[in-house]
Amino acid sequence: MSTEAHNSPDRAAAQRIVLRLRAHGFTAYFAGGCVRDELLGRRPDDYDIATDATPNAVRDIFKSALEVGAHFGVVIVKMDGAVIEVATFRTDGPYTDRRRPDSVRFSTAREDAARRDFTVNALFLDPSPEVAGPVRQPERGAAPAGVVHDPPREHRVDGGLVIDYVGGVEDMHRRVLRAVGNPDARLAEDHLRALRAARLAAKLGFEVDPATAGAVKAHAAELGGVSRERIGEEVRRMLDHPSRARAATLLGEMGLASVILETVPGSGGGLMHLAGLPAECPWPTPLAAWLLDAGLPADGRAAVARLRRPLCLSNEEGAALYATLDSLARLEHEWPRLSVAQKKRLASGAWFGAALSLMAIRRASEADTVTKEVRELSAVHGGLAPPPMVTGDDLIRAGFVPGPGFKRLLDEVYDAQLEGRVRNQAEGMELARVRGV
Ligand code: ATP
Ligand code: MG
């Protein structure tokens with residue numbers, strides 16, 4: 001295991017919290033994604049702690065504690081500049097709205113492991129350096145797969161002692177994402193887990209266990225009942241990650257893509273666009289890529305109208321998606337016929353780079369030509385988007401009256417500047433006078 005995974009200020013802060021809780025007689029562990037990531041040698045995004053201390057007890061110990069979800073037993077503790085979630089071990093009540101448990105009951109580590117979604121997410125880690133005593137290792141197969149082991153299996157690792165109630169360590173070695181408990185029941189309980197399965201399997205490079213994948217498939221249509229905010233958020237996280245093409249493949253295989261995009265099942269083609277994007281690319285470029293792969297309308301306006309609701313896109317995201325697809329369409333259909341000024345205006349748009357990266361996947365040599373041309377255009381007549389030599393204020397001072405035609409006149413003068421026909425303000429004003437009457 002890499003030690004880099006254990007050397008972060010967040011980890012040190014989380015460890016201090018665990019030790020402090022322990023000093024007060026409570027049990028406390030690192031829990032969930034951070035344990036999984038450490039075991040994989042990845043640096044966790046954040047550290048979560050699970051404890052048998054109630055939220056009130058946690059607040060008594062950490063005066064700065066902030067109650068964010070006391071209802072769910074979650075308290076935020078700030079320690080040495082880190083922000084750590086401390087959650088009381090709990091059992092989730094029934095899910096009548098299929099999204100969130102109606103209620104939670106504070107319980108034990110074992111039950112807390114059992115309520116978690118996937119076995120590799122249900123591990124605890126005791127990080128205290130002085131953990132002593134023999135490692136308890138119940139007989140292999142003491143509990144059938146998917147059933148809780150009690151007592152838990154314990155594994156000594158670099159960062160401490162892993163406490164495994166659900167066979168998560170074994171699944172980690174097999175690189176399998178498997179639902180805790182009965183996959184069918186767990187998927188029926190919270191359909192968002194279907195998306196989490198695709199996202200996490202892709203991100204971790206794991207396979208989805210066949211029984212879990214079967215349950216995801218069986219419940220795929222019911223994903224429509226999950227709030228669009230939650231779906232949108234998962235899709236964002238999925239497509240933002242370099243493993244996006246794998247995630248989209250899994251969504252397709254498990255029958256989820258068509259539910260998310262509200263398309264006919266199996267209507268998508270390959271994943272050329274998603275797979276061809278650079279690892280790091282600004283959101284919503286991957287969304288545009290996925291839409292092109294799914295064979296949805298590539299027209300910007302139609303795409304935004306289509307996806308805004310299903311993915312709960314913000315106005316800003318909608319505008320960016322529109323700009324990306326619109327720039328792409330103009331690049332592919334109009335570029336050679338555009339004037340120098342039009343090319344410069346298009347190339348200086350915020351989402352032009354995104355559009356060009358999509359074009360490079362579809363028409364590599366044409367995209368190369370555009371890239372070269374843009375480089376040349378950047379070097380002439382002040383570059384792609386120089387500050388205008390003549391502004392609206394300049395025109396007003398010279399006696400022009402704002403009204404219809406004012407903006408057009410400004411644009412015309414600016415275009416002339418972009419093309420080198422106007423080289424200073426005097427020439428710009430002269431052109432405005434000639435054209436403005
Ligand atoms: P990531 O690294 O992408 O954040 P994560 O596993 O840490 O993945 P979180 O959403 O941060 O995901 O959740 C933290 C932990 O809470 C998970 O590891 C899992 O144990 C539990 N969890 C999260 N969402 C669910 C869910 N829908 N059902 C059951 N358990 C969940
Ligand atoms: Mg997390």
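## Leu-291 and its neighbours

Leu-291 touches Leu-296, Pro-297, Ala-298, Ala-303, Leu-307 and Leu-325, leaving aside residues up to four places away in sequence. A contact here means heavy atoms within 4.5 Å. The residue lies in helix H13. Leu-291 is buried, with a relative accessible area of 1%. Buried means under 20% relative accessible area, exposed over 50%, and partly exposed in between (1.4 Å probe, protein chains only). Helices (H or I, at least four residues) and strands (E, at least two) are DSSP runs, numbered from the N terminus.

## Basis of the model

This is a predicted model: local features need pLDDT of at least 70, side-chain atom pairs count only at pLDDT 80 or more, and totals for chains, interfaces and linings use all residues. Residues are numbered from 1 along each chain as its sequence is written, chains are lettered from A and ligands numbered from 1 in the order in which they are written, and side-chain values use heavy atoms, with hydrogens and water left out.

Helix H15 covers residues 315–333, 19 residues in total. From first C-alpha to last, H15 reaches 26 Å, close to the expected 27 Å. That expected span is 1.5 Å times one less than the number of residues. Buried residues of H15 include Leu-321, Leu-325, Leu-328 and Leu-331. Their cover includes helices H9, H13, H14, H16, H17 and H18.

Helix H10 spans residues 244–253. Its buried residues are Arg-244, Ala-245, Ala-247, Ala-248, Leu-250 and Leu-251. They pack against H7, strand S12, H9, H11, H12 and H13. Gly-255 follows H10 and has a positive phi, near 75°.

## Strand S10

S10 (residues 160–164) is largely enclosed by the rest of the structure, because 5 of its 5 residues are buried. Strand S9 (residues 153–157) runs antiparallel to S10, joined by 5 bridges. A hairpin connects S9 to S10 through 2 residues. His-155 has Val-162 as its bridge partner in S10.

Strand S8 (residues 124–126) is also antiparallel to S10, with 3 bridges. Here Asp-126 has Leu-161 as its bridge partner. Strands pair if DSSP finds at least two bridges between them.

## Ligand 1

Of the 14 residues around ligand 1, Arg-36, Asn-121, Asp-190, Arg-193 and Arg-199 come nearest. A residue counts as near if one of its heavy atoms lies within 4 Å. A polar side-chain atom of Arg-196 is 3.0 Å from a ligand 1 oxygen. For an N or O atom in the Arg-199 side chain, the distance to an oxygen of ligand 1 is 2.7 Å.

Definitions and conventions:
A polar contact is a pair of N or O atoms within 3.5 Å; within protein, one must be able to donate a hydrogen and the other to accept it, and residues adjacent in sequence count only if both atoms are side-chain atoms.
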